[in-house]
Amino acid sequence: MTETHSGSAVDLLVIGGGTAGIVAAKTAARFGADVLLVERDRMGGDCLWTGCVPSKSLIAAADAATCARSSAELGVRASEVAVDFAAVMRHVHAAISTIEPEDSPEALHAVGARVTLGSAHFLGPREAEVNGERIRFRQAIIATGSAPVMPGIEGLDRVDALTSETVWDIDELPSRLLVLGGGAIGCELAQAFARLGSHVTLVQRNARLLPKEDEAASAIVAEALRADGVDVLTGTELESITAATGGGGTAALSTGDAVRFDRILVALGRSPRVDDLDVAAAGVRLDDRGYVEVNDALRSSNRRIWAAGDVTGLPAFTHLAGGGGSTAATNAVLGLRRRIDRDAVPRVTFTHPEVAAVGVLPDDAAAHTCTVSEVQHAHTDRAIAEGETVGFTRLVIDRRGRVRGATIVGPRAGESIGEACLAVSAGLRTSAISSATHPYPTYSDALWNAAIADVRSRLESGALATVIGVLARVRRLVTR
Ligand SMILES: Cc1cc2nc3c(=O)[nH]c(=O)nc-3n(C[C@H](O)[C@H](O)[C@H](O)COP(=O)(O)OP(=O)(O)OC[C@H]3O[C@@H](n4cnc5c(N)ncnc54)[C@H](O)[C@@H]3O)c2cc1C
Ligand SMILES: NC(=O)c1ccc[n+]([C@@H]2O[C@H](COP(=O)([O-])OP(=O)(O)OC[C@H]3O[C@@H](n4cnc5c(N)ncnc54)[C@H](O)[C@@H]3O)[C@@H](O)[C@H]2O)c1
């Protein structure tokens, strides 16, 4: 649905109808502001169409296939497991269709925001153009997101490479898939396609997968991918590609090896969508990587223009895009100075096992004068009951007992990390977690036990141990 706009200045112009833009527009409209959101493609952005929703739907199908294949380990034999890829993709698109109304122009109208379809660019510090129409604004939010990076590798342009934007349109399972990049997208999709039946090779330049995570987590994910049949090649670069007639080709690697493939999926990171915006006309500065430069209140170098989501270069997550959209809109419309909390942003990689983390990494604990309390899931009863003992829960704890970070590797780690997020953001101590009874048997039991272990070690050392010893002796004397 497209709406035209009358001549007076809008209170808030939002450019981009992904998570950041939608949350910003809804937030501002609920405050009573006159809001116009401009989207050039389709409402919902990457998360809905090409990101979280399709990838997690594909992963659900891939996990179901693996579950059926491995159920004999629990004493249940499935006689034949067949993957109907067309049906898997129907499930993926059905999930998108179910969620789509939440992000539709109608959903924005319902809260009083207007939507225009078209591409926006700035004409000046308080003016933009959409579909040939000049729009004046009191405040604006840039929420144009990011796009996949395409490297200039020789021959890549001749093999119809897939990216996170196009992989959802294939209707045939690639029998040999080459995945380029071992970050979140590369790991999630490599494992999912392998579980659905593709023979997958993953090429990662870094020495390990998921290099932003705890090293032990990276090792577990590499092992899990290999167990699913993925050829994981770390410390390796793709040097060139020779296209084959009839599709696919051969990749020459830095190790001297050659890999034949039917399809190649490029997952090498993101770049900001700013090229068409003419930010210079608005006096909006970009940082040295080309992202919109913002302060902690998400304000740009133009005091009337704010930015939120992937276009800011902050970690590319839907929850941060949504939180940023809300923060930017609140600051723009109400004149407040709310700030985003950079220290307590959780991240989850939805491999099997999942890797979930928040705050300080266990690997970096010493540098933050913190210690690590760890429970291996081999000692967690729920994990034993489910035959899912590979994984751990690690809490990073400062000298005063406050939780500064956590990394969890295991099934449903993305659900368990929520408690650690609260602890990090509210500055809770391990004693607060240990004194709250947790349900048994659950994976969150591991986090509870990691907190209890820390409290116990504090009680058993130093001055507290002396006080406890004295108390016990006094009590013995009194009750003699
Ligand atoms: C495969 C994949 C899986 C992912 N999985 C997860 C996950 O599990 N969890 C998670 O938290 N995050 C995940 N992400 C990241 C998440 O999708 C992004 O962080 C989030 O969608 C960013 O939202 P955004 O609003 O900043 O940008 P976008 O969603 O990209 O929205 C920007 C919008 O702006 C529009 N636009 C651009 N330029 C203009 C213009 N000039 N005029 C008008 N409109 C314009 C675009 O068309 C687009 O709709 C995943 C990403 C990918 C690619
Ligand atoms: N579960 C989630 O929340 C989720 C899932 C997918 C994506 N995302 C978001 O999307 C962003 C982008 O994901 P991504 O995986 O594309 O990027 P990424 O930056 O996370 O990973 C890219 C990887 O590619 C490697 N690489 C770079 N150049 C290379 C080359 N020439 N050859 C081989 N390897 C090379 C890098 O070492 C890096 O580890 C993520 O950072 C994340 O914020 C989130």
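## Ligand 2 and its shell

Ala, Val, Leu, Ile, Met, Phe, Trp, Tyr, Cys and Pro count as nonpolar; Asp, Glu, Lys and Arg count as charged; the others, Gly among them, count as polar. By these classes, the shell around ligand 2 has 14 nonpolar, eight polar and five charged residues. This is a predicted model: local features need pLDDT of at least 70, side-chain atom pairs count only at pLDDT 80 or more, and totals for chains, interfaces and linings use all residues. Residues are numbered from 1 along each chain as its sequence is written, while chains are lettered from A and ligands numbered from 1 in the order in which they are written.

A residue is near a molecule if its C-beta atom, placed from the backbone, lies within 6 Å of it. There are 27 residues around ligand 2, and G181, G183, I185, R205 and A316 come nearest. Helix α6 (184–196) and strand β17 (347–349) each supply at least two residues of this shell. The largest share, four residues, comes from α6. Helices (H or I, at least four residues) and strands (E, at least two) are DSSP runs, numbered from the N terminus.

## Domains

The protein is divided into domain 1 (9–148 + 271–342), domain 2 (156–269) and domain 3 (353–462). The bounds come from an automatic or database domain assignment. Domains 1 and 2 both give residues to the shell around ligand 2, so ligand 2 lies between them.

The centres of domain 2 and domain 3, taken over C-alpha atoms, are separated by 32 Å. Eight residues of domain 2 are in contact with 10 residues of domain 3. Contact means C-beta atoms, placed from the backbone, within 7 Å. On the domain 2 side that touches domain 3 there are five nonpolar, no polar and three charged residues.

## Ligand 1

Ligand 1 has 38 residues around it. G16, G18, G45, G145 and G309 come nearest. Two or more residues each come from α1 (19–30), β2 (35–39), α2 (45–49), α3 (52–70) and α9 (318–334). By class, this shell has 14 nonpolar, 16 polar and eight charged residues.

## Annotated positions

The unreviewed UniProt entry annotates residues 11–322 as "domain: FAD/NAD(P)-binding". Over that stretch the chain is 29% helix and 24% strand, with the end C-alpha atoms 20 Å apart. The entry's "binding site" annotation covers K56, T144, G145, S146 and D310. These positions span 255 residues in sequence, and the farthest two C-alpha atoms are 22.7 Å apart, so they do not all gather at one spot. UniProt positions are in the numbering used here, feature names are shortened, and annotations may be inferred rather than shown by experiment.

T144 sits in the loop between β6 (133–142) and β7 (146–148). T144 counts as buried, with 30 C-beta neighbours inside 10 Å. Buried means 20 or more other C-beta atoms within 10 Å of a residue's own, exposed 12 or fewer, and partly exposed in between; C-beta atoms are placed from the backbone. Beyond residues up to four places away in sequence, T144 touches I15, G16, R273, V274, L277 and V311. S146 is in strand β7. S146 is also buried, with 21 other C-beta atoms within 10 Å. Its contacts, leaving aside neighbours within four places in sequence, are R270, S271, P272, R273, D310, V311 and A316.

## Nonpolar cores

A nonpolar core is a set of buried Ala, Val, Leu, Ile, Met, Phe, Trp, Tyr and Cys residues joined through C-beta atoms within 7 Å. The largest has 76 residues, of which V179, L180, A190, V221 and L265 touch the most other members. Its largest share, nine residues, comes from α6. A second, separate core of 52 residues includes L12, A120, I141 and A329.

Note on methods
Contact = placed C-beta atoms within 7 Å.
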